[in-house]
Amino acid sequence: MLKPVGIIHGHYECRSLDETLPIFTDLLALEVARRADGEAVLKHPNTDWLLVVHEGGPNARNKPHNNHYGFRVGHHGEVEAAFEYIKAHKEQYRIKSLTTPHEAHFAYSIYLKEPGGNDLEIEYYNPKAVEHGRVIAAPHWKTLLTEDRFPGRGYIPQAMSHGTLQCDDKAASDRFYEQVLGLTIIGGGRTSTYIRHPANPWYIVVLPGRKREFLEPVNRFTLRLASAEAVEEAHREFTRSGKGLGITELRDLEQKDGQVSFIFSDPDRNWWEAVASDEGASKAAKIGAASEAAAS
Ligand SMILES: [Fe+2]
């Protein structure tokens with residue numbers, strides 16, 4: 001079983017970075033941390049879970065609705081404000097469609113289709129739902145972003161709260177998430193499962209799919225393991241007994257920029273990646289090396 005220390009990235013394919021990045025920066029309050037070679041790393045100021053956006057070109061296909069990412073606002077009324085603002089700027093951002101605000105259980109949300117072929121959600125979640133056992137309703141931020149960080153829209157996305165996957169057999173998938181990936185099931189019911197790493201508030205909603213459309217590995221979630229040795233050992237274990245564990249495909253171990261990683265698919269053919277280091281660690285190392293160089 002993997003012993004992840006966190007879910008650190010979501011990877012996501014769009015068609016054109018020039019077209020899709022403004023959706024994230026202008027409508028969802030993310031910042032572009034890095035952009036190079038058809039890939040951009042995005043971060044919401046309140047969320048350490050990074051979104052890595054890959055440019056797939058004009059033929060990248062539309063992704064199913066149940067492979068969307070969600071962004072949370074702090075107040076119920078902001079969902080309506082987001083709807084109004086995005087409706088008024090639909091053509092500017094080439095948004096294909098936008099749903100009217102919809103109430104479901106403790107959540108209130110809208111969905112938009114960005115031009116890169118993906119659905120995105122802006123949601124409000126009543127924090128009182130925590131009292132009803134909904135752990136995911138707890139705020140995903142320590143400090144609310146203020147209007148000066150995201151002025152003039154009438155709403156402020158406060159965090160990137162969730163990603164979404166589809167499964168074929170809920171019971172088998174639930175077992176895999178806990179017993180192979182080492183993640184924790186924090187909610188759900190007959191038709192859904194909410195999984196996350198206990199160290200992080202962000203989560204993945206898994207919904208049974210009727211007519212599955214399988215994703216490419218460029219759409220995946222990344223788990224960070226404690227060390228390069230742990231990644232190598234996990235790869236050895238999956239090579240040895242992955243089939244019995246439910247691994248449907250295992251890619252080779254890769255070493256890039258001093259980072260060891262591998263990609264694999266789960267019983268539902270959803271893609272995951274195991275890596276040994278996170279952005280923060282490598283960035284800190286780079287900054288450390290740069291200041292050492294400057295001092296010498
Ligand atoms: Fe959602």
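Analyst: In this predicted model, a residue counts as buried when 20 or more other C-beta atoms lie within 10 Å of its own C-beta.

User: By that cut-off, which residues of helix H2 are buried?

Analyst: Helix H2 has five names on its list: Glu 78, Val 79, Ala 82, Phe 83 and Ile 86.

User: What puts them on the same side of H2?

Analyst: The arc they cover around the axis is only 150°, so they sit on the same side of H2. An α-helix has 3.6 residues a turn, so residues three or four places apart point the same way. The elements that cover the buried residues of H2 include helix H1 (17–27) and strands S5 (69–73), S6 (97–98), S8 (107–113) and S9 (119–125).

User: How do you know that the span of H2 is close to what is expected?

Analyst: Residues 77–88 make 12 residues, for which 1.5 Å a residue gives an expected 16 Å; the span from the first C-alpha to the last is 17 Å.

User: Why do the buried residues of helix H3 count as lining one face?

Analyst: In H3 (residues 170–179) the buried residues are Ser 173, Phe 176 and Tyr 177. Viewed down the axis of H3, they fall within an arc of 95°, so they line one face of the helix. Their cover includes strands S10 (157–167), S11 (184–188), S12 (193–196) and S13 (203–208).

User: What makes Val 52 a buried residue?

Analyst: Val 52 has 20 other C-beta atoms within 10 Å, and the cut-off is 20 or more, so Val 52 is buried. It belongs to strand S4 (residues 50–55). Leaving out residues up to four places away in sequence, Val 52 touches His 9, His 11, Tyr 12, Glu 39 and Val 41. With Glu 39, the separation is 13 residues in sequence and 6.9 Å from C-alpha to C-alpha.

User: Why is strand S18 called mostly covered?

Analyst: Of the 5 residues in S18 (271–275), 5 are buried. Trp 271, Glu 273 and Val 275 point one way, Trp 272 and Ala 274 point the other way, and all of them are buried.

User: How do you know that S18 pairs with strands S14 and S17?

Analyst: Pairing needs at least two bridges. S14 (residues 220–224) and S18 share 5 bridges in the parallel sense, with Phe 221 bridged to Trp 272. S17 (residues 259–265) is joined to S18 by 5 bridges and runs antiparallel to it; here Phe 262 is bridged to Ala 274. S17 and S18 form a hairpin with 5 residues between them, and Arg 269 in its turn has a positive phi of about 65°.

User: Why is the chain called as compact as a globular protein of its length?

Analyst: The chain has 5 helices and 18 strands. Its radius of gyration is 19 Å, and the globule rule gives 19 Å for 296 residues, so the chain is as compact as a globular protein of that length. Buried residues make up 38% of the 296 residues.

User: Where does pLDDT stay under 50?

Analyst: That stretch is residues 279–296, for which the model has 2 contacts beyond four places in sequence. Where pLDDT is low, the predicted coordinates should not be read in detail. Over the chain, pLDDT averages 93, and 94% of the residues score at least 70.

Note on methods. Residues numbered from 1 in each chain as written. Predicted model: local features only at pLDDT ≥ 70, side-chain atom pairs only at ≥ 80, totals over all residues. Helix = DSSP H or I, 4+ residues; strand = E, 2+ residues; numbered from the N terminus. Rg over C-alpha atoms; globule rule 2.2 N^0.38 Å. Buried ≥ 20, exposed ≤ 12 C-beta atoms within 10 Å, placed from the backbone. pLDDT = per-residue confidence, 0-100. Contact = placed C-beta atoms within 7 Å. Expected span 1.5 Å × (residues − 1). Arc of directions from axis to C-beta.
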